[in-house]
Amino acid sequence: MTPVDHPAPAASPASPPRARTVRERAREQITAEILTAARIRLTESGPGELSLRAVARDVGMVSSAVYRYFASRDELLTALLVLAYDELGAAVEQAEAAVTDRHDVVGRWRAAWLAVRGWAVAHPGDYALLYGSPVPGYAAPQVTVEPATRVIVVILGIVMDATAAGSRMPEPPGSGDDAPVVAGAIGFAQERGLMQAEAPTELVVRTLMGWTTVFGTISFELFGHLVGSVSRADDYFEIVIDRLAADLGLTEAD
């Protein structure tokens with residue numbers, strides 16, 4: 001007998017995503033309202049003064065009801081940290097990706113840092129939570145680490161692309177081995193495949209210097225420390241990031 005070819009069984013269609021229940025949608029809405037009210041509190045009073053009782057009043061709930069959504073002030077702070085880090089990271093990623101000429105490392109550098117400052121100026125309370133004084137009694141858990149790295153991943157990507165394209169930094173002063181000093185940063189970059197083992201330590205040092213200088217500049221602006229020294233904060237910020245680009249050996253696209 002001639003064997004008969006049987007058609008392969010059709011793949012079963014993927015199951016549609018489960019629709020959220022009314023209760024789930026209501027919980028998401030109330031959670032969003034609590035987070036919005038908490039962010040306003042951050043701007044008005046600062047992270048150290050945040051309390052579930054105050055946020056409950058702002059959303060028209062009794063304080064005991066808020067505990068059904070956030071078990072403690074620390075849990076609310078963690079949710080706010082993740083939300084803010086992710087918002088900032090997304091803003092930077094989108095701004096940097098919008099530079100269509102990927103060889104234009106200076107343009108990408110400027111776009112990324114201008115997005116950081118733009119977000120910070122628009123969200124001073126959230127910025128204070130991320131980069132201001134630590135909240136007494138609160139230790140950020142591991143869940144905040146990955147969102148917190150989104151900006152530096154973008155910045156390191158730009159610097160490494162510039163280095164691969166031939167950008168050269170000034171020679172470091174002295175002849176000491178700085179690798180142990182920045183071992184944590186080197187490990188971070190290598191674990192994420194952003195830096196090869198043979199990349200110069202000076203690259204990490206200068207990138208860290210740029211990172212801390214930029215956030216220091218933004219903090220000085222938002223916390224009022226540039227008053228009397230700088231008349232146009234936006235122009236001064238651009239001066240800073242352009243000088244830092246030159247310090248890293250970044251060059252304009254041809």
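Student: Which hand does the crossing of α5 and α8 have?

Tutor: The crossing of α5 and α8 is left-handed. A crossing is called left-handed if the near helix is turned anticlockwise from the far one by less than a right angle, and right-handed if clockwise. Helices here (H or I, at least four residues) are DSSP runs, numbered from the N terminus.

Student: Before we go on, what kind of model is this, and how are residues numbered?

Tutor: This is a predicted model, in which local features need pLDDT of at least 70, side-chain atom pairs count only at pLDDT 80 or more, and totals for chains, interfaces and linings use all residues. Residues are numbered from 1 along each chain as its sequence is written, and side-chain values use heavy atoms, with hydrogens and water left out.

Student: Back to α5 and α8: at what angle do they pack?

Tutor: Helix α5, residues 105-122, packs against α8 at an angle of about 165°, and their axes are 9 Å apart. The axes are lines fitted to C-alpha atoms, for helices over the stretch in contact, and angles run from 0 to 180 degrees between N-to-C directions.

Student: Roughly parallel or roughly antiparallel, then?

Tutor: The two helices, α5 and α8, are roughly antiparallel to each other. The classes are set by angle: under 35 degrees is roughly parallel, over 145 roughly antiparallel, 65 to 115 roughly perpendicular, and the rest oblique.

Student: Which residues meet there?

Tutor: From α5 the residues are V105, R108, W109, A112, W113 and V116, and they meet V151, V154, I155, G157, I158, V159, D161 and A162 of α8. Contact means heavy atoms within 4.5 Å. By class, the residues of the contact of α5 with α8 are 11 nonpolar, one polar and two charged. In this scheme Ala, Val, Leu, Ile, Met, Phe, Trp, Tyr, Cys and Pro count as nonpolar, Asp, Glu, Lys and Arg as charged, and the others, Gly among them, as polar.

Student: And α5 with α11: how do their axes cross?

Tutor: The axes of α5 and α11 cross at roughly 140° and come within 10 Å. The pair α5 and α11 is therefore oblique, and α5 passes α11 in a right-handed crossing. The α5 side of the contact consists of W109, R110, W113, L114 and R117, while α11 contributes A233, D234, F237, E238, I241, D242, L244 and A245. The contact of α5 with α11 has eight nonpolar, no polar and five charged residues.

Student: Where does D242 sit, and how far is it from W109?

Tutor: D242 belongs to helix α11, residues 233-247. The C-alpha atoms of D242 and W109 are separated by 8.8 Å, although the two residues are 133 residues apart along the chain. D242 counts as partly exposed, at 33% relative accessibility. Buried means under 20% relative accessible area, exposed over 50%, and partly exposed in between (1.4 Å probe, protein chains only).

Student: Now the charges. How many salt bridges are there?

Tutor: The structure holds 17 salt bridges. A salt bridge is a side-chain nitrogen of Lys or Arg within 4 Å of a carboxyl oxygen of Asp or Glu. One of them joins the side chains of R39 and D126, at 3.0 Å from N to O. This pair links distant parts of the chain, R39 being in helix α1 (residues 22-45) and D126 in helix α6 (residues 124-131), 87 residues apart.

Student: Are R39 and D126 buried or exposed?

Tutor: R39 counts as buried at 16% relative accessibility, and D126 counts as buried at 3%. Helix α6 is mostly covered, with six of its eight residues buried. Those residues are G125, D126, Y127, A128, L129 and L130.

Student: Which residue forms a salt bridge with R150?

Tutor: R150 pairs with D86, and the closest N and O atoms are 2.8 Å apart. R150 lies in helix α8 (residues 150-164) and D86 in helix α4 (residues 73-97), so the pair ties together parts that are 64 residues apart in sequence. R150 is partly exposed at 22% relative accessibility, and D86 is partly exposed at 27%.

Student: Which residues form a network of salt bridges?

Tutor: E96, R102, R108 and D161 are linked in such a network.
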